[in-house]
Amino acid sequence: MSVTLDLSRMAPQADAPKPLINLSGLTRPQMVAALTESGVVEHGKAKMRATQIFRWVHHRGITDFAQMSDVAKETRARLADSFTIARPEVVERQVSKDGTRKWLIRMAPGIEVETVYIPSVGRVGALCVSSQVGCTLNCSFCHTGTQALVRNLTAAEIVAQVQIAKDDLGEWPSDKDDRLLSNIVFMGMGEPLYNMGQVADAIEIISDNEGIAISRRRITVSTSGVVPQLEALGEKTQAMLAISLHATNDALRDVLVPLNKKYPLNQLMAGIRAYPGLSNARRVTFEYVMLKGVNDSPDEARALVKLIKGIPAKVNLIPFNPWPGTDYQCSDWAAIETFAAILNRAGYSSPIRTPRGRDILAACGQLKSESEKVRASAMRKLSMAAMAGVLDEDEDEAAA
Ligand code: SAH
Ligand code: SF4
C-alpha cells in the first residue's frame, strides 16, 4: 500500500537543477554504487571511499563536505555537485523537565514529522521515529489514524531523525562512551511495514558499525499486524518486533485495528510465532492500549495470556492517551494494575511506565502531523509506556 510516484516518465524541465542525492540515506553498498555512477570516484576506489565518507557522515556527524579533511579538495567539490549531506530543518525543539526532548522536523515544504527522545532510568534512552507522514490505517483510538497518508518517508528522512537527535544530544562521534541514545523504536507516525524498503535501508544505515552503530537488537519496529511482511522484516532487518495487539478476539480487534479484518488474529499469531530469530533473549513485545470498559477486564487479561501462550513475549500496557474528538477513555489505574497483575502471575513482564514529557506534550505513537496543521500538542495526557518494554530489555541485560 506504499505510495510511489513514477517520475521517470515526466519530462524534465529544461533548466531545473538536478536534485542532489542525500548520502545520509544510502547504505554502504548503495553509496559505492552512487559514487561510481556519478563518476566522482573511480570504480576501484569506490568501496574504500564510500567507507571513508560513511564514517564522516554517520560516525562524525558532519553536514558539510568541506569538513572531510582527508578527502582531496577537488573530490569534495565534485561530491558537492551531485550529493548533499545537509540536515532537514528543525522547526521547533522542546525539552521537558524530565529530559524528554521533542523536535518538529520539516523534511520538505508541507512534510513535517515529530521525533521524540525519551530518557530512561540509568543511562539509556530511546528515540521514537516516524516512518510515514500520516497513516493509511484507521485504528479507531489513534490520532495519527485520523490523518490521511501524506507520504512515505525516505531512508534519508528516517535517518535524519536520528542525526538530529544526536546533534542535539551531543552524541558525535558515534562511539562516544555512555551514550544517551541507545535504542530506536519505530513507534512514531505511520505503519513501518507499509514502507518496508526505506525502513529496512534506514535500519541498515543506523546499525552499521562504521557509523551510528546502534545494534539491531536495540531497534524495535512496531506494526499493527501486516502479516505478509513480518517474515521479510525479520529477514531483512533482524529488528526486534512489537505488535499492536490491543484486543484478544477478532470482533473487538476488527473495531480497534481495522487491518484485523484483512489479517485476523489466527493469521497474526501464526506470523508472529514464525518471526525469524524469536527467542527468550529476543522476545516480541505486545502493545496493549488500555481503554476503559472496552478491553480492560480481568477476563481479557486471562484471554491475552491464553492467546500468547508459548511465545517468548512481554506485554506493554499503554494507558490510552486521549485526543480531542475521541470517544475512548483511559482505563482506571486500578483496572490497569489488576490487568498487569494477571499477566505477571502468568510469567509475563508487563511494565506500565510513568508518563514522561508531560510538560511538553510529547507523545509517542499518537503524533498527528503539523502537515495538516493540527498540533500533536493538542493532546493533554500522554503515556510513554509504549517505550517501557523496549527499555526494560536493557534493564534485563544490565541485570544479567
Ligand atoms: N503504526 C504502528 C506504529 C506506530 S503507533 C503501530 O500501530 O504499531 C505506536 C503505538 O502507539 C501503537 O501500539 C499504537 O497502537 C499506539 N497508540 C496509538 N494511538 C494511541 C493512543 N491514543 N494512546 C495510546 N497508544 C496509542
Ligand atoms: Fe496507523 Fe499505528 Fe495509528 Fe494504527 S495505531 S492508525 S497503524 S499509526
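Contact here means heavy atoms within 4.5 Å. This is a predicted model, where local features need pLDDT of at least 70 and side-chain atom pairs count only at pLDDT 80 or more, while totals for chains, interfaces and linings use all residues. Residues are numbered from 1 along each chain as its sequence is written, chains are lettered from A and ligands numbered from 1 in the order in which they are written, and side-chain values use heavy atoms, with hydrogens and water left out.

**View 1. Helix α9 against helix α10.** Helices (H or I, at least four residues) and strands (E, at least two) are DSSP runs, numbered from the N terminus. From α9 (residues 298-307), Pro298, Glu300, Ala301, Arg302, Leu304 and Val305 meet Thr338, Phe339, Ile342 and Leu343 of α10. Sorted by class, that contact has seven nonpolar, one polar and two charged residues (Ala, Val, Leu, Ile, Met, Phe, Trp, Tyr, Cys and Pro count as nonpolar, Asp, Glu, Lys and Arg as charged, and the others, Gly among them, as polar).

**View 2. Helix α4 against helix α5.** The axes of α4 (residues 155-169) and α5 (residues 196-207) come within 8 Å and cross at roughly 40 degrees, so this pair is oblique. On the α4 side sit Ala155, Ile158, Val159 and Val162, meeting Gln198, Val199, Asp201, Ala202, Ile205 and Ile206 in α5. That contact splits into eight nonpolar, one polar and one charged residue.

**View 3. The nine-stranded sheet.** This open sheet has mixed pairing and runs β3-β4-β5-β6-β9-β10-β11-β12-β13 (two strands pair if DSSP finds at least two bridges between them). At its edges are β3 (89-95) and β13 (313-319), each pairing on one side only. Strands β11 (residues 240-244) and β12 (residues 284-290) pair in the parallel sense over three bridges, and serine 244 stands opposite glutamate 287 in β12. Helix α4 lies across β3, β4, β5, β6 and β9, running at about 135 degrees to β4.

**View 4. Around ligand 2.** Cys135, Leu137, Cys139, Cys142, Gly145, Gly190 and Ser224 surround ligand 2 (a residue is near a molecule if one of its heavy atoms lies within 4 Å of it). The shell has four nonpolar, three polar and no charged residues.

Technical notes: Axes are lines fitted to C-alpha atoms, for helices over the stretch in contact, and angles run from 0 to 180 degrees between N-to-C directions. Angles under 35 degrees count as roughly parallel, over 145 as roughly antiparallel, 65 to 115 as roughly perpendicular and the rest as oblique.
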